[in-house]
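Subject: Structure handover

Hello,

Here is the structure for you to look over. My notes on the pockets and the aromatic rings follow it.

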Amino acid sequence: MQSGPRPFQIALIAIFVVLMFVGGVLFVTYQPSSQTDAPVFGNQVQIWGTLDRQVVNKMIQDIRAEVEDFQVVSYRQLDERTFVAELVDAIAEGRSPDVVLIPHTELANLRTKITPIPYDSQIPGYDQRTHLDTYADGAEIFTLSDGIYATPLAVDPLVMYWNRDIFSANNFAAAPRTWEEIVGDVVPTVVVRDFNRNILLSPIALGEFSNITNAFAIVSTLLLQGGSQMVLEDGRTYQVSLDRSVNANVQRPLTSALEFFTSFSTVNNPLYSWNRVQAQDTNAFAAGDLAVYLGLGSEYDNLARLNPNLNFDIAEVPQAAGTSVRRTYGDYYGLAILRASQNQNGALAAIRTIASRPQQLSLFSSSLSMAPARRDLLTAGSFNPIEQIRYRAAIAAFGWLSPEPIVATEAFADGVEDILSNRSSVSEAVRAIMFSISNGY
């Protein structure tokens with residue numbers, strides 16, 4: 001006769017039953033931890049930049065609502081005029097921020113202070129193919145030979161503002177689309193001069209640097225539209241090729257750009273319609289004394305504030321008639337990690353977190369009156385009629401690797417001044433500009 005289970009067997013069975021029960025509970029209630037996938041920001045991530053702190057902080061706060069650890073990320077706004085000097089001092093004194101939010105115009109100037117992300121880093125999203133697929137063509141300005149120097153956030157493209165009342169008074173129903181329309185129709189029809197050839201009403205502000213707010217961007221646009229190679233980067237060197245075309249059939253883009261630009265301020269030229277005596281072009285447009293103002297997309301609200309009664313609209317910058325490639329200049333803004341950062345891993349985690357949130361980036365760019373740098377957001381477009389133009393312009397917007405911004409601006413300004421004062425021929429001015437910019441790196 002077989003006896004019943006022994007006490008040891010009963011205890012063993014009981015243990016198995018308990019373990020099975022606990023295992024079942026854990027199987028039902030367990031959720032995989034995201035600890036290994038969650039970004040690690042460290043104790044703090046400091047971002048410095050020149051963009052409006054209220055806008056940047058709003059984006060940071062929105063992300064904090066979704067990512068609790070993002071509390072360690074902060075932003076400090078500095079004066080655009082002293083930003084680089086303050087940054088260099090901070091790095092030298094061992095109090096460097098971790099990230100800078102910079103325009104592409106500072107990239108060459110700050111390159112040695114930035115940590116690039118190599119294309120073979122295996123960091124998701126930071127291979128060259130993904131970067132090209134994710135961001136607008138012009139955002140390639142941040143991708144140099146040794147890696148990605150900044151993650152693009154927004155672009156501020158050059159656009160055209162036009163006075164509806166002046167155009168309608170001269171029987172123009174719409175904004176000009178081509179430079180041929182500007183030269184052949186708008187300028188001769190709109191310009192008003194007195195018997196002494198003093199300009200009373202100007203069709204467009206071109207030809208000077210001292211009183212044209214965006215003269216650098218305008219000349220850059222003419223270069224881009226003319227097919228200039230601009231500046232070619234090779235390792236740590238830069239080849240200034242402003243007067244060399246990407247198209248073998250097009251000759252000397254910088255020469256052509258300067259000839260066209262200065263013709264509007266040359267007294268004996270039929271296009272003469274602007275000079276240094278005129279008010280600053282922004283103020284002239286706001287006062288109704290200028291039919292067309294070439295300005296950045298972010299300037300719309302300021303123009304409306306300067307004159308709430310001004311009847312104006314926004315359009316894309318004119319292109320050459322028959323061109324198949326649209327081009328305008330644009331300032332690209334991106335987040336870059338500093339070499340002096342004590343928390344580079346946290347800095348990268350913060351940048352990746354920001355870059356992965358299209359909704360916040362859309363609101364961010366809109367709040368700055370700019371366009372987003374992401375292709376998907378530009379493709380989705382906007383219902384806002386002003387933003388629609390910014391978005392279209394952003395798709396065609398490019399920058400170039402100029403040295404410290406003031407160097408390139410002064411080189412162009414000096415060249416234009418020398419041409420207008422007859423101190424230099426156009427070819428001599430071109431050589432001087434190329435020399436100045438080449439020595440600026």
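First, the residue classes: Ala, Val, Leu, Ile, Met, Phe, Trp, Tyr, Cys and Pro count as nonpolar, Asp, Glu, Lys and Arg as charged, and the others, Gly among them, as polar. This is a predicted model, so local features need pLDDT of at least 70 and side-chain atom pairs pLDDT 80 or more, while totals for chains, interfaces and linings use all residues. Residues are numbered from 1 along each chain as its sequence is written, and side-chain values use heavy atoms, without hydrogens and water.

Pockets. A pocket is an open set of points on a 1 Å grid over the protein atoms alone, where a 1.4 Å probe fits, with protein on both sides within 12 Å along at least five of seven lines; lining residues have an atom within 4 Å of a point. The largest pocket holds about 1200 Å³ of space. It has 39 lining residues, and Glu 80, Thr 105, Leu 296, Asp 331 and Tyr 333 are the closest to its centre. By class, the lining has 19 nonpolar, 11 polar and nine charged residues.

The second largest pocket holds about 750 Å³. Its lining has 15 nonpolar, 13 polar and four charged residues.

Rings. Rings of Phe, Tyr and Trp (its six-membered ring) pair if their centres lie within 6.5 Å; planes under 30 degrees apart are stacked, over 60 edge-to-face, the rest tilted. The count is 17 aromatic pairs. Phe 260 and Phe 264 are edge-to-face, because their centres are 5.2 Å apart and their planes at 80 degrees. Ring pairs also link Tyr 161, Phe 285, Tyr 293, Tyr 300 and Phe 312 into a cluster.

Best wishes

Note on methods: Grid points are joined across faces, edges and corners, and a volume is the space filled by probe spheres set on the points.
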